[in-house]
Every structure is written in structure tokens, then in C-alpha cells.
Amino acid sequence: MTVLTTARLRLEPVSDEHLEGLYALNSQPEVMRYISGKPETREETVAMIERIKQRWNALGYSWWAFVEIQSGEVIGMGCVQHLARDPANPLELGWRLRPEYWHQGYASEAAQCMAAFAFDQLAAPMLCAVCHVENLPSAKVMERLGMRFRGVERWYELECKTYQMDRAAWLAR
């Protein structure tokens, strides 16, 4: 399982040791507003960790916990996974952060790192990212990454802004 690093973050494959930090993240209504619409229970976070560990074992990629290097705290999480968790779909980037870390560049920093992993290590021909149509800050992260708007599509039972970037665009940036 691959640990990634940026200037401020260590992206660690989600494991049992991240339970407290991920529950603190996913139990916040403002974090889950555009994802599920409701905070997670501790039991839901435990089940999520189990699913993620299985995907890491099966695929060699999935969700990372974002650990701030300076504090050692879990401040968010992000993924490289198949869109809608269906291997027939292209790979997708995703992220979420604790509100006190919003608007500080952490999402862009992690997204750049995860995109590099997907294009360089997994040889992905294309990456997608989706966000709730009202989640403008997340859409801005996609645009800063160099992704182009593809349209509003239905993913994860939501109307989502959908962005994509192909390998050539990644290499040309």
C-alpha cells in the first residue's frame, strides 16, 4: 500500500488506526453536506474503513487519510477509485477536509499528489472528479488541477458537476 507525501501532508492508506480522526471528520454535518447529506455514525465509519481496506488489498489503491505532518492529525481523506466504484468506469479523484482546513490549499495539494499517483503509477488514461452542483469550492479544486468541465451528470444518486483530465493534458500542464 502506497504512502504519498506533499509539503504539508502524509497520505496514508486508510486503516484502523485512523478511526478516531476519520470519525471526527465524517461526523461533521458540514463535511458530509454534499456527500451523503448527513453525518456518519461511528459504526458507519468502522464499516467504511473495512470496505476501504478490502479495496486496497484487491486493487492497490483506494482512500488515503490526510495526516498533517506538523500536527500528526487526520485533517481529511481522499481517494483514487473507480467512478461509482464500478471498474468499468474511469478512475476518479475525491477528497474531503475538516472545515478548519478549508480554503488553505490542502485539497489542491492532495489532489495534485493523488493525480500524479494515478497517472504515473497506475498509468490512468483519464481521471474524473465529481461534486454536488452547489459545492463550488470543490469544483474550484478540480479547475485548479487542470480538469475541464464535462457537464452535470448523475453519480452517487446526486446531480454532480463532472470534470475530467486525460493523460496528455496532465503531462502538458
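This is a predicted model: local features need pLDDT of at least 70, side-chain atom pairs count only at pLDDT 80 or more; totals for chains, interfaces and linings use all residues.
Is Ala123 buried or exposed in this structure? Ala123 is exposed, with a relative accessible area of 53%, which places it past the cut-off of over 50% that defines an exposed residue.

**Helices with a buried side**

- Helix α1, which spans residues 19-26, has Leu19, Gly21, Leu22, Leu25 and Asn26 as its buried residues. These residues lie on the same side of α1, because they cover an arc of only 165° around the axis.
- The cover over the buried residues of α1 includes α2 (29-32) and α3 (42-59), together with the strands β3 (63-68), β4 (74-82) and β5 (91-97).
- In helix α5, the buried residues are Ser138, Ala139, Val141, Met142 and Leu145. Seen down the axis of α5, they fall within an arc of 150°, so they line one face of the helix.
- The elements against which the buried residues of α5 pack are β5, α4, β6, β8 and α6 (167-172).

**Nonpolar cores**

- The largest nonpolar core is made up of 51 residues, and those with the most contacts inside it are Leu22, Phe66, Val80, Leu93, Trp95, Leu127 and Met147. Helix α4 (residues 106-121) gives the largest share of this core, with ten residues.
- Another core, of five residues, lies apart from the largest one, and Leu83, Cys128, Trp155 and Cys160 are among its members.
- Leu22, one of the buried residues of α1, touches Val14, Thr45, Met48, Ile49, Ala65, Val74, Gly76 and Met77, when residues up to four places away in sequence are not counted.

**The largest pocket**

- The largest pocket holds about 1,300 Å³ of space. It is lined by 47 residues, of which Val31, Tyr34, Ile35, Trp95 and Arg96 are the closest to its centre.
- At least two residues of this lining are supplied by each of α2, α3, β4, β5, α4, β6 (126-132), α5 (136-145) and β8 (158-166).
- By residue class, the lining of the largest pocket divides into 24 nonpolar, ten polar and 13 charged residues.

**Loop residues**

- Ala123, the residue of the opening question, is found in the loop between α4 and β6, and its phi is near 55°, a positive value in a residue other than glycine.
- Arg85 is found in the loop between β4 and β5, and its phi is likewise near 55°, again a positive value in a residue other than glycine. Arg85 counts as partly exposed, because its relative accessibility is 48%.
- As background to these two values, most residues other than glycine have a negative phi.
- Leu122 has its place in the loop between α4 and β6, and it counts as partly exposed because its relative accessibility is 28%. Residues up to four places away in sequence aside, Leu122 touches Tyr61, Val80, Leu91 and Phe117.
- Leu122 and Tyr163 are 41 residues apart in sequence, and their C-alpha atoms are 19 Å apart in space.

**Partly exposed helix residues**

- Gln112 has its place in helix α4 and is partly exposed, with a relative accessible area of 29%. Leaving aside its neighbours within four places in sequence, Gln112 is in contact with Arg144, Leu145, Trp170 and Arg173, and Leu145 is one of the buried residues of α5.
- The C-alpha atoms of Gln112 and Glu17 are separated by 25 Å, while the two residues are 95 residues apart along the chain.
- Arg42 has its place in helix α3 and counts as partly exposed, at 32% relative accessibility. Apart from its neighbours within four places in sequence, Arg42 is in contact with Leu19, Glu20 and Tyr23, and Leu19 is one of the buried residues of α1.
- The C-alpha atoms of Arg42 and Ala24 are separated by 9.0 Å, with the two residues 18 residues apart along the chain.

Notes
Residues are numbered from 1 along each chain as its sequence is written. Side-chain values use heavy atoms; hydrogens and water are left out. Buried means under 20% relative accessible area, exposed over 50%, partly exposed in between (1.4 Å probe, protein chains only). Helices (H or I, at least four residues) and strands (E, at least two) are DSSP runs, numbered from the N terminus. The arc is that of the directions from the helix axis to the C-beta atoms. Contact means heavy atoms within 4.5 Å. A nonpolar core is a set of buried Ala, Val, Leu, Ile, Met, Phe, Trp, Tyr and Cys residues joined through side-chain atoms within 4.5 Å. On a 1 Å grid over the protein atoms alone, a cavity is a set of points where a 1.4 Å probe fits but cannot get out, and a pocket is an open set with protein on both sides within 12 Å along at least five of seven lines; lining residues have an atom within 4 Å of a point. Grid points are joined across faces, edges and corners, and a volume is the space filled by probe spheres set on the points. Ala, Val, Leu, Ile, Met, Phe, Trp, Tyr, Cys and Pro count as nonpolar, Asp, Glu, Lys and Arg as charged, and the others, Gly among them, as polar.
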